[in-house]
Amino acid sequence: MLTTKPILTGKITQNFRITCAIIKKNSVFLKENNYLCRKLLSKTKTRVANYKTIIKTIAFLVGGIMAHTDTILAQETATSIPYQAGTETTCHLQDKEGFWWYGGKDAGLCRFDGYDIESFRSDRQNPHLLRSNDVLCMTELPGNAEIWFGTKEGAYILSKKDYRVRPIVVKTKNGDNELADKRINCIITANDGSVWLSYRNQLLHLSAKAKMIERFETTWEGKNRSVSLLCFDKQGNLLASLWNGGIVRLKKNHGKWQMEATALTQIDTGSKSSSLDDIKHRLDSVMSRQAPQNDATVLSWAKGTKENLYYIGSYHSLYLYDGEHLQQLETDLDKVRSMAYSQQRQALFLLSKTRGVCQWKDQKLTVLNDTTLFRHIALNSDTALLLSDGMTSVCLLNLRTLKLTNDTIATDINPIVTAYAIDGQKRPMGYGKQTITLSKDISIVEIYLSTLDYEHSSQVQFAYRMNNQEWIVLPVGEHIAKFANLAGGVHQLEVRATDVYGRWSHPTTVLTIDYPTAWYHHWWLWIVVLVVIGVAGLLFYRKNRNKQVTTDVQEENDSEETSVVSAADQEFIDKAKAAVAANMTNSDYSVDALASDLCMSRSSLHRKMRSITGLTPTDFIRNQRLERAAELLRTTSHSVNEIVDLVGFSYASYFTKCFKEKYGVLPKDY
């Protein structure tokens, strides 16, 4: 299917027309208000000389005019201009991918994908990206995936692989950059991938790696002249048009470029390709002047074999316009809806409201198919026409068999990812890249889609799905796929898009998203954790078991030793218990008193008590008091404070602490 893509010149012309319409509309408003002002002033002078009222009234009217003008400008700009408002465009190109690049006054370098504009310029976020935001010229190096552009203060390279900008450095003898503060007038790419660049009267030949190859000075009639335009002719020679007249030519002879003066006239630098609106407006003007009154409207047109040759379809006739004269070819067609011209077949195909699909060839009109359901016609190939009624019904007309067949798949649609945003930070998609890797803790991911169909971008509809799940269909005109809280892993994003007739394309995998899995989401990690816990638990169990076995053996040994010595020392233990029991209520009963009651020295008591019971005399006395307290708590109704006095403790808090250490509970809970 053939489509015509608008260029930036058409947008500038459209903006100019909008501005003229606004001026015209406001001029009428000004005339009306000027009349009101004069009338009010006349009446005021004749009745009362109240100049303050006049001044206030005039100020009110002027304020209303300015507010009205601002409102109209805001509305027109917001709805009619897809590019940055107020941009004075100086250069533009469409790269091999299909993106439109343009530059202008204080605009920097801009990329347009049919929906959004990506600007590369110095601003608050990137204060040192460019020394000047006035872009004057640009060219593309497809082999390097780069855009080279010149500004008022230097030349730069933008790499489409990572969308980073770096200056072009041509070093002088003292090591400075020759292009740092120069106004770059022209830049162009040669067939061998090298680049020609000019500033002032200097013409530089650079390699694809921005290395100097050779240099020329441009002069005319003995004076230095700056280059205004560079272009290559059919023989591969470089033509340089100079300011204030003159053209020089560089020819390659035996591998070296040589400059020579030419007798060529000045190259027309002002000619631009016309947009669809410009051509339509021009043909409408021709029809209104030369065609009959009932045919003075262009419903459809098609470009012929020559640059200025057009076929025009009106309400009743078919015309041929050669730039000067309008020739009527056929009448009684009844509203020609759409046209398409085949260069290979040298034939014009058209849709008529009453005649159907027709062919004009060799000054003869032939009806190919009498169907009148369709409103649009386009060349699908050399042997087929694409017919559509606008959105729903789409068919192919085979020019060999003249049979209609269904054509429901838009195979020529190629949706792509132009940029992506991570938590609101937008980044252009690198050239040739189909994978993005996300860092951890990303909440929202936005994917910007486009088909680079600038003429019908507002009519395209997108649908997408992730990992073969359900398709999500976006409203017509929307182009952003949004994802929140993606699971860890590798995700495949598939996208489908419609053409201007509403036909859906085949699913296309446009992006792979690699999102790292959080460490606590790995199943093998949980297995390792469980194994570690199990091993630690086993080691802890074995350690406690060995400790218990050791304790049991020690207790058995102690019991054996106790059984051996109990006969000899039992009398000693009984005497000690009796002595402590006799002095139970005496809180001052000490180790010295116990040693005196047992007729022993303090050191002898300590050694013997320790060897028999494993306790010191102090611990022995305290244990006897605590055992008595426990007995009283079990068998009597005394309070805790009373029992503290009965067992010889001076302080209730100390008694409570010792009791809990021995029995594990508080005295009141025993």
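Two strands are said to pair if DSSP finds at least two bridges between them; strands (E, at least two residues) and helices (H or I, at least four) are DSSP runs numbered from the N terminus. On that basis, five bridges join β1 to the antiparallel strand β2 (residues 100–104). The structure is a predicted model, in which local features need pLDDT of at least 70 and side-chain atom pairs count only at pLDDT 80 or more, while totals for chains, interfaces and linings use all residues. Residues are numbered from 1 along each chain as its sequence is written, and side-chain values use heavy atoms, with hydrogens and water left out.

**The four-stranded sheet**

- An open sheet is formed by four strands in the order β1-β2-β3-β4, with antiparallel pairing.
- Because β1 (89–94) and β4 (117–120) stand at the edges with a single partner strand each, one side of each is left without a neighbour in the sheet.
- From one strand to the next, the twist averages 20 degrees (axes are lines fitted to C-alpha atoms, for helices over the stretch in contact, and angles run from 0 to 180 degrees between N-to-C directions).
- Cysteine 91 has glycine 103 of β2 as its bridge partner.

**Glutamate 118 in strand β4**

- Glutamate 118 lies in β4 and, at 12% relative accessibility, counts as buried (under 20% relative accessible area, with exposed meaning over 50% and partly exposed in between; 1.4 Å probe, protein chains only).
- Its side chain makes a polar contact of 2.7 Å with the side chain of lysine 426. A polar contact is a pair of N or O atoms within 3.5 Å; within protein, one must be able to donate a hydrogen and the other to accept it, and residues adjacent in sequence count only if both atoms are side-chain atoms.
- Not counting residues up to four places away in sequence, glutamate 118 touches Leu109, Cys110, Arg111, Ala419, Lys426 and Pro428, contact meaning heavy atoms within 4.5 Å.

- Leucine 605 is in contact with Phe572, Val591, Leu594, Ala595, Leu598, Met600 and Pro617, leaving aside neighbours within four places in sequence.

- Phenylalanine 149 is found in β6 (residues 146–151) and is buried, with a relative accessible area of 0%.
- Contacts of phenylalanine 149 beyond four places in sequence include Leu109, Leu130, Val135, Tyr156 and Ile187.
- Tryptophan 220 belongs to β13 (residues 219–220) and counts as buried at 18% relative accessibility.
- Among the residues that tryptophan 220 contacts, leaving aside neighbours within four places in sequence, are Arg225, Leu242, Ile247 and Val248.
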